[in-house]
Amino acid sequence: MEENKKNIILKTENLSIGYTSKKEQTVIANNINIELEKGTLVGLIGANGIGKSTLLRTLTHVQNPISGDILINNKNIKKYNPLDLAKVLSLVLTEPLAAKNLSIFELVALGRQPYTNWVGNLSTEDINIINQALQQTHIEALQDKKCYELSDGQLQKAMISRALAQDTDVIILDEPTTHLDMYHKAYILKLLKKLAQETGKTILFSSHEIDLAIQLCDTLIVMTKEGVEIDDPCSLISKGSFNNLFPKDLIVFDEKTGSFKVNK
């Protein structure tokens, strides 16, 4: 009853992540139990190499878990075929585009692939959804430009538009602010916050911009060597969850300001 009340879109049950080879099994994190609510912005934070990308790859079914379950809309992710999974979950990566000769409209239109027929023709509804996605990220004026003509910030907005055009319940982004300056880092994260509120989509992103994530996210997933913790930023600050993210000889968390500072 409580789960329906909270409207949980994605959840994990005793999830264990890592790598399995013929010789051995490497566990990066275990006993991960998280619940992501509809219409919330969720940040995944932790030190370099702690396993953030592995967790995202596992949540998006790119990589199999070692054990445990992942559920989207109360359905085990293993029971989704690839086409149906693409209708509930979209992924935005930071890797370079393979085809930079595409126009922005053509790039965003790729988000409609799960819904188009085998010929790939766009219906009037598809085109309306693409135009709406361009408007939601404020790049409709760029739709005829080629991807190689865009700045990093503009291209990131185009990739977010493609995920919006895919019209999924969950959007997952791996380091969406990489290569951006401070202004555009804040711009992209504020845009994601606005989109989560206005579209009702659950947006999960990994980031090293921990100070911005604390200010903007509804929920934070904190990965440390001790385990994985999820809560709202204020509760995590109260519990001292950020105190052990980094070695204290160089960086410490200031609970009064809710930010990290150099330990002098």
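**Salt bridges and the domain interface**

Me: Is D126 buried or exposed?
Reply: D126 is buried, at 5% relative accessible area. Keep in mind that this is a predicted model.

Me: What does the D126 side chain pair with?
Reply: D126 forms a salt bridge with R112, with N and O 2.9 Å apart. R112 sits in the loop between α4 (104-109) and α5 (124-136), while D126 is in helix α5, so the bridge joins parts 14 residues apart in sequence.

Me: And why does R112 count as buried?
Reply: Because its relative accessibility is 4%, and the cut-off for buried is under 20%.

Me: How many salt bridges are there in the structure?
Reply: Eleven. One group is a network that links K6, K11, E13 and E35.

Me: What about K185, which residue does it bridge to?
Reply: To E209, with 3.2 Å between the closest N and O atoms.

Me: Which residue does K193 bridge to?
Reply: D218, at 2.9 Å between the closest N and O atoms. K193 is in helix α7 and D218 in the loop between α8 and β10 (219-224), so this bridge ties parts 25 residues apart in sequence. K193 is buried at 18% relative accessibility, whereas D218 is partly exposed at 28%.

Me: Changing topic. What are the domain bounds?
Reply: The domain assignment gives domain 1 as 1-88 + 168-263 and domain 2 as 96-167. Their centres, taken over C-alpha atoms, are 25 Å apart.

Me: How many residues are in contact between domain 1 and domain 2?
Reply: 18 residues of domain 1 touch 14 of domain 2. About 1,400 Å² is buried between the two domains, with carbon and sulfur atoms giving 69% of that area.

Me: How many salt bridges and polar contacts cross that interface?
Reply: One salt bridge is found across the interface of domain 1 and domain 2. Four residue pairs are in polar contact between these domains.

Me: Which elements supply the domain 1 side?
Reply: β8 (170-174) and α7 each supply at least two residues of the side that touches domain 2. The largest share, seven residues, comes from α7. By type, the residues on that side of domain 1 are eleven nonpolar, three polar and four charged.

Definitions and conventions
Residues numbered from 1 in each chain as written. Predicted model: local features only at pLDDT ≥ 70, side-chain atom pairs only at ≥ 80, totals over all residues. Heavy atoms only, no water. Salt bridge = Lys/Arg side-chain N within 4 Å of Asp/Glu carboxyl O. Helix = DSSP H or I, 4+ residues; strand = E, 2+ residues; numbered from the N terminus. Buried < 20%, exposed > 50% of the residue type's maximum accessible area, 1.4 Å probe, protein only. Domains from an automatic or database assignment. Contact = heavy atoms within 4.5 Å. Buried area = accessible area lost by both parts, 1.4 Å probe. Polar contact = N/O pair within 3.5 Å; in protein donor to acceptor, adjacent residues only side chain to side chain. Nonpolar A, V, L, I, M, F, W, Y, C, P; charged D, E, K, R; others polar.
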